[in-house]
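Subject: Structure handover

Hello,

Here is the structure for you to look through. My notes follow below it.

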Amino acid sequence: LLFAQQGAKQSKVNAATLDAFEAEVRKEIQEQKMAGAAYLIYHQGKVQRMKAFGDADKASHKSMETNSLFRLASMTKPIASLALLLLQEDGLINMNDRLDTYLPAFANPKVVVNQDTLLGTPILQTEAAKHPIVLRHLLTHQAGFVSQWGGTLGGLYLGTYPDVNAHDLTHFSNQLAKLPLSHEPGEGWIYGPSINVVGRVVEVVSGIPFQDFVQQRILDPLGMQSTKFFLKEEDAGRLTSLYAPDGKDGLRLVDPGNESSIKITGSKVYYSGSGGLISSLEDYLTFCVMILNDGKHQGKQIAKPETIALMKTDQVPLNINAHYTDEGGQLAEGFTFGYQIVRKETSKTLKRKGTISWSGATGPIFFIDPKEELIGIYQFQTQPHSQVGTRKSFADWMIKAVQTK
């Protein structure tokens, strides 16, 4: 009865549908597409099923558990987005404020207007941006920052940050400010590094380190004790190993789930709002349920309902498709202050209009359907993860389990 709420509706999920999904998960583990996985489905007030499969670490045969710790990667972004929104709630900023008000390095952005190469060297022609970058552009990925995940300037981004973990958010933001923009601020959508800039704005406005603000205003009030930017040695037993496909239908180790993990031994200077947190299924559910319940957690208001409403409402102009792969002209996906949102239902997914979701490059994925009071979270640790079919179909399985109850 974890997370059960008083007066919760009597939900019934279809056990056979969940069993069929789990059979697919076991098959993909057997085929070495991933080492192990865990998931939960929460519906109308309580967790209906939560299970773990396979190994958290293959070499030691450490079992995946439902309380295993996994690298959130970009599933960090909604938490970091809320941090900035809390400063607006405090009356200290406004989402329409110019970014250079807080970070002067972004005062005179240049936009790429022509791209060419000469003997293999990229040549960029730029001109001054017509509009300033404003804070809302950061949360909706509309600033136009160069990105390793979208646009045509990935090489420029990667060349700027040869070891992103070696420096703090001040360095990250200052370096990014030197680069040209891929498009005019507010006139396109490229999934990129702007939530790290959010972290730096939080530091400048609050006067405390980003990680401390997140801890004090979000993680502590929610009791999210398993959610951290870095781990101590005593956490190693719960940490999952990160794998990559080895090119021979198997997996190779990228970062071990033990005391040698970079999350324990690495330099603890880069507190990334874009992708730095580690968490568990239950902890991440706590955050999702708070969002579902309009900012309320166990009778306490973590954020005002109007703040959370901004995280559930499309903030991107309707002529812009906020989709990672763009899907030319579909315009079916928008972006809130923190999440992708379904604008219109399509045959590609069973997700209903208003469903918010995101995922992480290291594997994990989740969605929240506010109308149905349905949350699904699926975790595994393989990067890249395109070979894991259950990741693509996860939301549909969970929605089917509710529709066929």
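Arg-71 is buried, at 5% relative accessibility (buried means under 20% relative accessible area, exposed over 50%, partly exposed in between, with a 1.4 Å probe and protein chains only). Asp-255 is buried too, at 8%. The side chains of Asp-255 and Arg-71 meet in a salt bridge, 3.0 Å from N to O (a side-chain nitrogen of Lys or Arg within 4 Å of a carboxyl oxygen of Asp or Glu). This pair links distant parts of the chain, 184 residues apart: Asp-255 sits in strand β8 (residues 251–255) and Arg-71 in strand β4 (residues 70–71). Strands (E, at least two residues) are DSSP runs, numbered from the N terminus.

This is a predicted model: local features need pLDDT of at least 70, side-chain atom pairs count only at pLDDT 80 or more, and totals for chains, interfaces and linings use all residues. Residues are numbered from 1 along each chain as its sequence is written, and side-chain values use heavy atoms, leaving out hydrogens and water.

How many salt bridges does the structure hold? There are 14. Glu-31 pairs with Lys-33, with the closest N and O atoms 3.1 Å apart. Glu-31 is partly exposed at 33%, and Lys-33 is partly exposed at 27%.

Lys-312 and Asp-294 form another salt bridge, at 2.7 Å from N to O. Lys-312 is buried, at 18%, whereas Asp-294 is partly exposed, at 35%.

Now look at Tyr-42. Tyr-42 lies in strand β1 (residues 36–43) and is buried, at 1%. Tyr-42 and Leu-285 are 243 residues apart in sequence, yet 8.4 Å apart in space, C-alpha to C-alpha.

Best wishes

Conventions:
Helices (H or I, at least four residues) and strands (E, at least two) are DSSP runs, numbered from the N terminus.
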